[in-house]
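Today I am looking up a pocket and a sheet.

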Amino acid sequence: MFPLNRPRWVLILSVLQACACAAVFARPLLAWGPHPDITRAALRVVPHMQEWEESLGKENIAALTQYCWMPDWRGQDLGVFYADDYLLVRPLPYHVSHVMPAVEAAFEVYFRRALQGLRTETPVNACRQLGTLVHFVEDVGAPPHAKPNCPHHSELENWVDAKQISIEGYQPRLLGNTDDEAWRGLKRRIDGLIAFSAERAERALPLVSSPNPDRTAVEPIILESALESARVTADLLYTVFTLSLRPADTPGAELTGTAVVPPLPGNDDQQVRIVLLNTDYATLATLPDGSGPEERTYRFAFHNLPTGQYQVLAYRPGAQAQVLETSLAPGEPAQLHFHLAPTDPPGNLVYNPDFSLETLKAGQPDRWTKSGVDAWVGTTIALRPGKRYRIGAVFRQVDATVEFLAPPGKRAGEQDAPLLRIVLTPRDGKAAEAVFEAQPGYPQLTVKIVTKDVPGEAVERVWVCEAD
Ligand SMILES: [Zn+2]
């Protein structure tokens, strides 16, 4: 084993940086401007809201105005969870485009996943998951998302006065009484929204592409799309709440439990992923409200699960995954208690650093995305200014390369800074390690495995740990 306390070579780099979790609930730079405003307008008219708030918690429903950004945060660490916890699912184990026609792959998958979340998970998990569906449905109401290959994307989705988005008086429709019927109803509604907004794109395009475009002439057209998006979103929310929060025809099984995790300096409030292996059921274990910083016992809960034997996996970065078995039956609540061992080296901030987690798709390590023909990129890691980081890799192939990439931040004054790139190769045929210090201007780091094979063929494991 590579002696981790005696690195073969050490490199001190000065890296510029920014605030570590800057991504948390930040508005993406280029996006359908009024997502939160559309969601808020829809929530205001959804019938029986008091009932839904009693089931899910007022704060969780209100948070939909933020969770509706979820797909725009893909690959991001949002502080206590990763956006990908609610984006990557077994029927869709990769990120989809947000524009027509490719976005059509998202709707049915996330509709059924949202119903599943509301029926089987805790309200906080269910509402985050629902945010993903809400985003994609709202997105196709943006004119440049509805019209394929639409130019002037930014103007056509941002030239709108968000304060005018209100659908007071609109009566949301129940889109069906069963899941299948509701899916067909939603599909028709989405198809209608796409046609509606593609027509607005055609009307607004000559205006925005003229030499001196008159924004005031464009805004009313984009507003029509925003209002129709809000109406469809209201139908959608009313329908998923109605279908998923009514008592189940046949009671399902309950599974609760705890997960104790080792410390993870730099990401210690990250929640714990719980996966029922070889099924579509997954959730996050959260800390109980009011628990202190030293508290590391996360809790999870599923209800309405199908009867059967399950292998249940718990994982969070900085820990090794653990799998426990359980048998579920209605009326016999089951409990599982996980105690996760630390990674080697401890405090590894890389998600799935040895590529052994494959809960979504065989042959595709969780949270590693193929980039071009010869590379795989991992989940972003938030850097803290002034911290020194140990970065390293143990290699299997002598010609493999691992790159640690820190792009400049997106805030004013940061964008023009150069990309920082530290390349590790197997110096002694097996391993390499370096140290660098994070400084303002570079908020995050990603790890890239350069190989034509799957990453685990080329590299045994990688690490990024706070050094002090
Ligand atoms: Zn989007």
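**Ground rules.** I am working with a predicted model, where local features need pLDDT of at least 70, side-chain atom pairs count only at pLDDT 80 or more, and totals for chains, interfaces and linings use all residues. Residues are numbered from 1 along each chain as its sequence is written, and side-chain values use heavy atoms, with hydrogens and water left out.

I looked up the second largest pocket and found about 560 Å³ of space in it. Of its 29 lining residues, Arg 119, Ser 244, Arg 246, Ala 248 and Asn 304 are the closest to the centre. (A pocket is an open set of points on a 1 Å grid over the protein atoms alone where a 1.4 Å probe fits, with protein on both sides within 12 Å along at least five of seven lines; lining residues have an atom within 4 Å of a point.)

Which helix gives the largest share of this lining? I found that helix 5 does, with 6 residues. Helix 2 (49-56), helix 10 (215-244) and strand 5 (297-305) are among the elements that supply at least two residues each. (Helices are DSSP runs of H or I, at least four residues; strands are runs of E, at least two.) By class I noted 13 nonpolar, 10 polar and 6 charged residues.

Strand 2 (residues 253-260) pairs with strand 5 in the antiparallel sense over 7 bridges; pairing needs at least two bridges found by DSSP. I also noted Val 260 opposite Thr 297 in strand 5.

Notes. Grid points are joined across faces, edges and corners, and a volume is the space filled by probe spheres set on the points. Ala, Val, Leu, Ile, Met, Phe, Trp, Tyr, Cys and Pro count as nonpolar, Asp, Glu, Lys and Arg as charged, and the others, Gly among them, as polar.
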